[in-house]
Amino acid sequence: MTDTRDEAIIRLFHVHKRYGAKAALQDVTLEIAKNELLFVTGRSGAGKTTLLRLLYLGEAVSEGQILVDGMNLSRIPRARVPTLRRKFGIIFQDYKLIPTKTVYENVALVLEAAGRKPSVIPKKVRSVLRIVGMEDRMNAFPPSLSGGEQQRVAVARAAAGDPKIILADEPTGSLDEEAAGLIMSYLDTFHTRGATIIVATHDKELLKRADTRVVQLRDGRLLPPAPV
Ligand SMILES: Nc1ncnc2c1ncn2[C@@H]1O[C@H](COP(=O)(O)OP(=O)(O)OP(=O)(O)O)[C@@H](O)[C@H]1O
């Protein structure tokens, strides 16, 4: 008999997150399977970013439990937080690239911080930049790139360390349709290579994809799945 629980890489049990009197998430229970690609949607303020932040201990839950790849986030000692964070690659809507470092350096920094051997870093950086079509711009500085190009570098940076989980917070929010489609195609590539991917988005074009599970937050609560 298959135990479906073993296939989950992330589990949230009755998770609440409060900021003072504001309930950003209320009683969220959710399982995300290994190598799933999941969209989290909902209006501005519904709790999408909060949900992503809780997964890598960017914030702690107020109540409830989260398990990530076997780690119970309520119980992990501070010394193990870097081990948790290395499971994630994170893509932000506003790219968050370092403007004074080149494209190459922005990606290499993540690998250096993760303690990768210096001898393997150049090959790895070139390989992820090649996937997102930015290898020929590796000596450019982010301010000289378009928004779509910066986001492609941000995707490469998130994927460079071969994280088990990639979180993307409105990754196409400031891009036109064509650039947004490219970003999603690169995320699909890393998904095919085995990553679990969670995308928080309002982008109606992305949400039209028939093959991807969509969960919806409203005022911090997860809506029940729509009947099929
Ligand atoms: N650090 C914080 N302090 C206080 N309130 C916060 C904080 N972070 C989020 N909130 C509140 O929690 C609620 C959920 O915010 P969150 O950023 O998760 O929403 P979101 O769905 O990601 O919205 P958007 O699509 O606009 O990014 C909002 O009402 C927000 O104002």
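Leucine 67 stands opposite asparagine 72 in β5. The model is predicted. Strand β4, residues 63-68, is joined to β5 by two bridges. The two strands run antiparallel.

**The sheet**

These strands belong to an open sheet of four strands. Its order is β2-β1-β4-β5, with antiparallel pairing. β2 (22-33) and β5 (71-72) stand at the edges. Each has a single partner strand, so one side of each is left without a neighbour in the sheet.

**The ligand shell**

Which residues surround the ligand? They are Tyr19, Lys22, Ala24, Gly42, Ser44, Gly45, Ala46, Gly47, Lys48, Thr49 and Thr50. The most comes from α1, with three residues.

The shell divides by residue class as follows.

| Class in the ligand shell | Residues |
|---|---|
| Nonpolar | three residues |
| Polar | six residues |

**The nonpolar core**

The largest nonpolar core has 61 residues. Which of them have the most contacts inside it? They are Val107, Val155, Ala156, Ile166 and Leu187.

Take valine 155. Leaving aside neighbours within four places in sequence, valine 155 is in contact with Ile91, Val132, Ile183, Tyr186 and Leu187. One of these partners, Leu187, is itself among the residues with the most contacts inside the core.

Technical notes:
Residues numbered from 1 in each chain as written. Predicted model: local features only at pLDDT ≥ 70, side-chain atom pairs only at ≥ 80, totals over all residues. Pairing = 2+ DSSP bridges. Near = placed C-beta within 6 Å. Nonpolar A, V, L, I, M, F, W, Y, C, P; charged D, E, K, R; others polar. Core = buried A, V, L, I, M, F, W, Y, C linked by C-beta atoms within 7 Å. Buried ≥ 20, exposed ≤ 12 C-beta atoms within 10 Å, placed from the backbone. Contact = placed C-beta atoms within 7 Å.
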